[in-house]
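Hi everyone, thanks for coming.

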Amino acid sequence: MAAITAVLPQAIEILTSGYTPYILILGVLLGILFGGLPGIGATLGMAIVLPLTLPLDGPDAIILLISIYSGAMYGGSIPAILVNVPGTAGDAATTFDGYPMARQGKAINALVISAVASAIGGILAVTILLVISPSLIELVLLFGSPQYFLMAILGISMITVITTGSTVKGLVAGAFGLLLATIGIAPTVPVKRYTFDLIALYSGLDYIAILIGLFAIAEMIGLSKEEQVSQSETGLEGSVLEGVKSVFRHPIVVLKSMVIGLLVGAVPGSGASISNFISYGEAMRSSKTPERFGNGAEEGVVATDVANNATVAGALIPTFSFGIPGSGSTAVLLGGLIMHGLRPGPDLFTTQLHITYSVFLGLLVGNIVILIMGLIVIPRAGYLTQVDTDLIIPVIVVLSALGALALRNNWVDVWTILVLGLVGYFMKKHDFSVIAFVLGAILGPIAEENLYRSLSISGGSFGIFLEDPLSLFLVASIIVILLGPTFRAVIEERRVEASGGG
Amino acid sequence: MKTYVDSERALTLLFLLIGGSMLAEAYSFGSTAGLFPKLTASIVVGGSILILFQNHLPGPLRTFVAKDIQLIQASEDVQKMTDRAIASSSGETEVADRPLPPSVFTGGFVAAFIVCSYLVGMLWTTPVFVAIYARWFHQPWRYTILVVVLSFAIAYGFSVVLNTPVDSGVLLQTLGVA
């Protein structure tokens, strides 16, 4: 605790010095824009901006990325409410009641609820994160090389059973990402691997180029085939004051949704795309009038928007502690951490604790900025939904190609975004987990280093992964996570067959 | 449906091919450098084979390979609302007077843009790419010109601010834009 109070002044100084406050505000604005433009969203926005953070300091870059992430969680509710199309996956459930509210002449109420709920959810979640962080530090310091290797495998395993697609498809995707990460000179011994004697490949494939290919190019190919979002059929009517009051009329919904968002966000691979549905379901289940849900119930919008912003804070836990992202957006954030020399794990909670806290505080302040910016943006919110995606797509493609080339001035990175953009499009189409693939690509070098170090310690014996209780727990978790759902499904199938035959 | 199955098989075969060749190559790296590629390539190869032959697998193994089983699921009511929302949204659309589906055109045209950029420089191909793309999708001229100017400005900005070599390519050397 003493260490935390010692670093807080440093963290506050980072947040308030230089251009950092402007970067934070810019990030929130960009996030609202990316979230509000249909088809763009937090992940793609962060992936495009990531190469542009090269000239920035590490803390500034991470604060920019996290501000975009949290701003997009609110921004995505704008098209969800106005045109029934969520701007991000985390706002899908917002359409259930947000759009009906807009059709009832309460679009402003819904947008205000979204802004206030997002801010409150984010602020409460970050506050809890700051309170529990001393315990996190204790936990992180228990981990050594064997445990970090197992956490990488556990993270990929969790993602394969949380995202859509079969477990084996997820494992193939994750392993393929790990495999592509081996291209280049090995991190353990100076051996060239899969370089075809091309100097351009000695450094391997840049994971940022992989991110851009999978999250930007693949997404744009998929977006091009979707029907254009229709012009808003609803005007901007309603009351700002009523919207604010609506949030405070449901304190229990706010608290429960915040906890759900925080907990789900902390589970690798789950993210806001899951938390918003779970919190919506819980709000509906515990309501005295569940029949109102789906027809403009304000608690529905409160629940989803509190949860999706709380998820941002929750997702930082596995990302900063173990380098396991909670979603596609945190996968990009992880890429940003590594790019700026901030390695997830003990360092971020010991020697670089002040940087970690500056990011947490940045997120806290960012949620206040979301509230202010959100209320300012509301009268102009309709413009975002009217931008034609056929105009956005070529600009995003150009930005992606330029960003890839700017990484290392190496055309290998541009070819990477093209090839993986095409592969990523088909991976999404056929339910091969793109997040597992990205995680494999980012964690590959870290996983390999920790594997090498572990085997060096044990003299080549894999028994080191079974020696202590923590490692055993992680191995057991991997097995249960991979096989448990299948086991349950098989038992369920047999039960249905038996009752059907009876 | 046939196309769906064919492209899925093609993707799985691609994984199998790449994984298999990388697995074979990994044996030439030595025991230390080769360990991790061998482990990961084996999973890619084994998993791809299981996926390709999933229809011939016994019951429980087939469930593991083929079934979409999720650890965290929304409640049944929420799932029904989600299914209704998905059903009401449309699938792939066509563009009037154009011979190619949008996704095929976009994928192919992005590839052509990158190849041409490699040859002559991204600064010069960017406005052409954006203009043709926007007009293919019948965007009004004023918006087309707007995004062309915006895209060119972005490319120029990359060249001037980040010194990204966008003004020359393999066939065209301009010795700098300034």
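Let's start where the two chains meet: how many residues of chain B are in contact with chain A, and with how many residues there? It's 79 residues of chain B, and they are in contact with 90 residues of chain A, where contact means heavy atoms within 4.5 Å.

Some ground rules before I go on. This is a predicted model, where local features need pLDDT of at least 70, side-chain atom pairs count only at pLDDT 80 or more, and totals for chains, interfaces and linings use all residues. Residues are numbered from 1 along each chain as its sequence is written, chains are lettered from A and ligands numbered from 1 in the order in which they are written, and side-chain values use heavy atoms, with hydrogens and water left out.

Okay, back to the interface. Chain B and chain A bury about 7,200 Å² between them; buried area is the accessible area (1.4 Å probe) that two parts lose on being put together, summed over both. Of that area, 79% is on carbon and sulfur atoms.

What about charges across the interface? The rule finds one salt bridge between chain B and chain A, and by salt bridge I mean a side-chain nitrogen of Lys or Arg within 4 Å of a carboxyl oxygen of Asp or Glu. The partners are A:Lys169 and B:Glu8, at 2.6 Å from N to O. If you're wondering about the idea behind it, side chains of opposite charge can pair when their charged atoms come close.

There are also nine residue pairs in polar contact between chain B and chain A, both residues at pLDDT 80 or more. A polar contact is a pair of N or O atoms within 3.5 Å; within protein, one must be able to donate a hydrogen and the other to accept it, and residues adjacent in sequence count only if both atoms are side-chain atoms.

Which helix of chain B gives the most to the side that touches chain A? That's α2(B), with 13 residues. Helices here are DSSP runs of H or I with at least four residues, strands are runs of E with at least two, and both are numbered from the N terminus. By class, that side of chain B has 50 nonpolar, 23 polar and six charged residues. Ala, Val, Leu, Ile, Met, Phe, Trp, Tyr, Cys and Pro count as nonpolar, Asp, Glu, Lys and Arg as charged, and the others, Gly among them, as polar.

Chain B itself has seven helices and zero strands. Of its 178 residues, 39% count as buried, and buried means under 20% relative accessible area, exposed over 50%, partly exposed in between (1.4 Å probe, protein chains only).

Now the inside. The largest nonpolar core has 214 residues; a core is a set of buried Ala, Val, Leu, Ile, Met, Phe, Trp, Tyr and Cys residues joined through side-chain atoms within 4.5 Å. Among the members that touch the most others are A:Phe320 and B:Met122. Helix α7 of chain A, residues 107-140, gives the most to this core, with 16 residues. Leaving aside neighbours within four places in sequence, B:Met122 is in contact with residues including A:Trp411, A:Leu405 and B:Phe113.

Salt bridges again, this time over all chains: the count comes to 14. In one of them, A:Glu448 pairs with A:Arg193, the closest N and O atoms being 2.8 Å apart. A:Glu448 lies in helix α20 and A:Arg193 in strand β2 of chain A, so the pair ties together parts that are 255 residues apart in sequence. Buried or exposed, these two, A:Glu448 and A:Arg193? Both are buried.

Another one joins A:Arg285 to A:Glu282, at 2.8 Å. Both lie in helix α13 of chain A, three residues apart, about one turn of the helix. A:Arg285 is exposed, with a relative accessible area of 59%.

Most residues other than glycine have a negative phi. B:His138, though, has a positive phi of about 60 degrees; B:His138 sits in the loop between α6 and α7 and is partly exposed, at 40% relative accessible area. For B:Asn163, phi is near 55 degrees. B:Asn163 lies in the segment after α7 and is exposed, with a relative accessible area of 59%.
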